[in-house]
Amino acid sequence: IRQFKCSQQDPKVKCVSIIGNTGDGKSYTLNQVFFNGKQKFHTSSTTESCTIGVWSTLDENQRTLILDTEGRLGLSQNDNIRNRLLLKILCVSDIVIYRTKAPKLPNDMFQFLSDASNAFLKYFKKELENVMKNCRVDGPMSAMGPTLIVFHETQYTEVLRDHLQCQKTAVEQLKERFEKMNLSYDAYSSIEYVGTQTPGGESTDFRDIKAAITETLENNKIRSPRNLSVIFKVLKALNEKFNHAIPPEMPSTLPDDFFACYFKCLSSANHQKEKSPHECKERCSYNKELDNEVWKCLQCHRDGRDTIVYGKLITKGDSLVQGLLKYVWSGFVIECPYHGEIYRSRKHWYGNNEPKDVTRVEVIHIWPGEDNNRVASDVTPRKFIEMVVYAG
């Protein structure tokens with residue numbers, strides 16, 4: 001907000017973002033529509049993308065925060081990270097402009113817009129409502145998604161027009177294309193289409209897209225202006241919530257993979273990631289190779305705690321010699337940090353209990369990359385090394 005150098009300390013604005021493929025003139029479009037051609041966003045005639053990440057500026061005349069995004073289908077080390085970033089930007093926007101210069105509307109445009117709609121309803125809507133509630137913003141601003149404006153520019157191909165014969169408007173033709181591809185667009189509060197045909201050598205006519213954006217900005221029935229600080233807090237909350245790594249080889253057509261941890265249990269191959277560390281509400285299945293079975297102290301369970309215990313040769317408080325003598329005479333021990341020694345395998349001459357009489361056996365999930373060695377707490381090897389060092 002300080003870098004914008006705006007006249008008000010925390011003005012209320014609407015948010016406009018633009019998206020499209022690399023080289024389709026997204027930055028140039030924003031400069032023409034909002035700043036009468038003044039180069040607020042960097043443009044370049046080279047083949048390389050001139051916008052990396054997301055850049056923002058403020059139009060105080062129209063009280064609008066404008067976000068220029070990185071082009072899709074360009075060179076990137078991880079397309080999935082870029083697409084997730086674009087989805088975050090789109091969900092905080094009041095108006096989303098999809099800029100395309102394709103002769104005919106491509107399938108990947110409809111697929112991405114549908115993914116953005118699904119991500120908003122499934123993941124972003126709840127987070128937006130929480131931020132709005134914490135910021136004490138009046139009204140359910142996040143109940144409806146953004147307005148989608150498809151800005152389609154062609155050179156030889158005709159753009160979509162309202163057909164009187166089939167009685168279908170350009171917007172209805174767009175929605176029909178979504179339905180033919182079995183894609184949803186429920187999150188968008190409204191969809192607009194602006195088409196312009198620019199013969200070779202002529203300049204693009206931005207009057208129609210400028211009029212459509214201005215009319216949408218002036219309509220406050222669905223989306224009202226928000227403070228700049230609220231938009232910042234929303235982006236911060238989304239970045240903190242969805243920041244896990246995404247493998248580059250993961251398919252980029254499913255937004256679920258962008259917002260749910262891809263780690264799967266090695267035994268049951270299921271996972272539910274709402275917070276760290278890894279956890280899953282579904283029960284796991286026992287795997288003999290992984291040995292994903294643990295003992296939990298029965299007395300701790302009755303006291304309302306879950307304490308994992310292990311079968312060990314000696315207790316924590318015994319010396320190595322003393323512990324080994326006890327092991328030869330009485331067998332292995334199960335020790336609880338709260339209740340001490342709770343089991344000896346040969347404590348009596350006959351009639352000894354089983355470990356299941358003092359413990360609860362549970363099958364646990366095994367997450368990749370975590371230390372799953374169940375005998376890690378056995379202190380016998382450590383004490384043996386200490387004895388050797390002491391003797392030396």
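Start by selecting W349, which sits in the loop between β12 (340-344) and β13. Helices and strands here are DSSP runs (H or I of at least four residues for helices, E of at least two for strands), numbered from the N terminus. This is a predicted model, where local features need pLDDT of at least 70 and side-chain atom pairs count only at pLDDT 80 or more, while totals for chains, interfaces and linings use all residues. Residues are numbered from 1 along each chain as its sequence is written, and side-chain values use heavy atoms, with hydrogens and water left out.

Is W349 buried or exposed? W349 is exposed, because its relative accessible area is 79%. On this scale, buried means under 20% relative accessible area, exposed over 50%, and partly exposed in between (1.4 Å probe, protein chains only).

Next, show β9, β8 and β13. These 3 strands form an open sheet in the order β9-β8-β13, with antiparallel pairing. At the edges are β9 (308-309) and β13 (359-363), each pairing on one side only. Two strands count as paired if DSSP finds at least two bridges between them. Here, 5 bridges join β8 (residues 293-297) to β13, and 2 bridges join β8 to β9. Click on W295: its bridge partner in β13 is V361, and it stands opposite V309 in β9. Then try C297, whose bridge partner in β13 is T359.

A salt bridge is a side-chain nitrogen of Lys or Arg within 4 Å of a carboxyl oxygen of Asp or Glu. K296 counts as buried because its relative accessible area is 11%, whereas E362, at 22%, is partly exposed. How many salt bridges does a search of the whole structure find? It finds 9.

For another of these pairs, go to R344 and E341, where the closest N and O atoms are 3.3 Å apart. R344 is buried at 6% relative accessibility, but E341 is partly exposed at 41%.

Now head inside and select F124, L148 and Y193. Of the 39 residues in the largest nonpolar core, these touch the most other members. Such a core is a set of buried Ala, Val, Leu, Ile, Met, Phe, Trp, Tyr and Cys residues joined through side-chain atoms within 4.5 Å. Which helix gives the most to this core? That is α3, with 12 residues. A second, separate core of 18 residues includes I18, F35, F151 and I213.

Last stop: helix α1 (residues 26-35), which is mostly covered, with 8 of its 10 residues buried. Among the buried ones are L30, V33 and F34. Just after α1, look for N36, which takes a positive phi of about 55°.
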